[in-house]
Amino acid sequence: MEAVSFHPIQATRFHMGKCSRNIAKTIHASYPQLLPDEVAQAMVIQLALSTLLVTSLLGCAGLPPHSNPPRHLDEVFVKDFRSIAPLDCTTADVALTHTEAATFFSRARVLSSRQIADNYPVAPCFVEGTLRADGERCDWRITAAATGFIRCGPNEWHFACDDCDELLSD
């Protein structure tokens, strides 16, 4: 019976984009060659898969969404305003009509959650609603800091609009 072996780095390569490449690079740096016995290989594979599991549970923050952002948005509806600091952030800070909310998403850029966190302030208030994205019913949120997201089932896309000042000012 012929022995079948594979490199631990190959065991970690399934679709997780940049995250899996970073994990794979880390494992490969620690174990650049195949190990001589099956027990050692199994231990490295178990370590690699455990690392992948922990990293995926932590969300691999900063990665772009797993699927392409929606191309066609319609039926944008503003449902509610919320604020965790009602004295500091009011409806006037993010008073959007249905049309203005649609305009926000048409002007905004898709960014990773990490890029949003690193480069944009956190606003304590937002408007939220629903829309249709490529025919699918989705939820959305736009903050007073000109950031937002669209969530369609398991997919979520984060947005920032650097050209939306007139939409978000009183």
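1. Start with Arg141: in this predicted model, its charged end sits over the ring of Phe126, 3.8 Å from the ring centre.

2. Now the inside. The largest nonpolar core has 25 residues. Those with the most contacts inside it are Phe104, Phe105, Leu131, Trp140, Ile142 and Ile150. As a general matter, nonpolar side chains in soluble globular proteins tend to be buried together.

3. Which elements give two or more residues to this core? They are β1, α4 (98–107), β3 (125–133), β4, β5 and β6 (155–160). β3 gives the most, with four residues.

4. On to the rings. The count comes to three aromatic pairs. In one of them, Phe105 and Trp140 have ring centres 5.9 Å apart and planes at 80°, which makes the pair edge-to-face because that is over 60 degrees. This pair links distant parts of the chain: Phe105 is in helix α4 and Trp140 in strand β4, 35 residues apart. Trp140 is buried too, at 2% relative accessibility.

5. Phe105 has another ring partner. With Phe159 it forms an edge-to-face pair, 5.1 Å centre to centre and with 75° between the planes. Phe105 lies in helix α4 and Phe159 in strand β6, so this pair ties together parts that are 54 residues apart in sequence. Phe159 counts as buried at 5% relative accessibility. Put together, Phe104, Phe105, Trp140 and Phe159 form one aromatic cluster.

6. Glu75 has a phi near 50°, a positive value in a residue other than glycine, and its place is in strand β1 (residues 73–83). Is Glu75 buried, exposed or partly exposed? Partly exposed: its relative accessible area is 46%, which falls between the 20% and 50% limits.

7. The other spot is Ala146. Its phi is near 65°, again positive in a residue other than glycine. Ala146 lies in the loop between β4 (136–143) and β5 (147–152). At 10% relative accessibility, Ala146 counts as buried, whereas Glu75 is partly exposed.

How values were computed:
Residues are numbered from 1 along each chain as its sequence is written. This is a predicted model: local features need pLDDT of at least 70, side-chain atom pairs count only at pLDDT 80 or more; totals for chains, interfaces and linings use all residues. Side-chain values use heavy atoms; hydrogens and water are left out. Buried means under 20% relative accessible area, exposed over 50%, partly exposed in between (1.4 Å probe, protein chains only). A nonpolar core is a set of buried Ala, Val, Leu, Ile, Met, Phe, Trp, Tyr and Cys residues joined through side-chain atoms within 4.5 Å. Rings of Phe, Tyr and Trp (its six-membered ring) pair if their centres lie within 6.5 Å; planes under 30 degrees apart count as stacked, over 60 as edge-to-face and the rest as tilted. A charge sits over a ring if NZ of Lys or CZ of Arg is within 6 Å of the ring centre and within 35 degrees of the ring normal.
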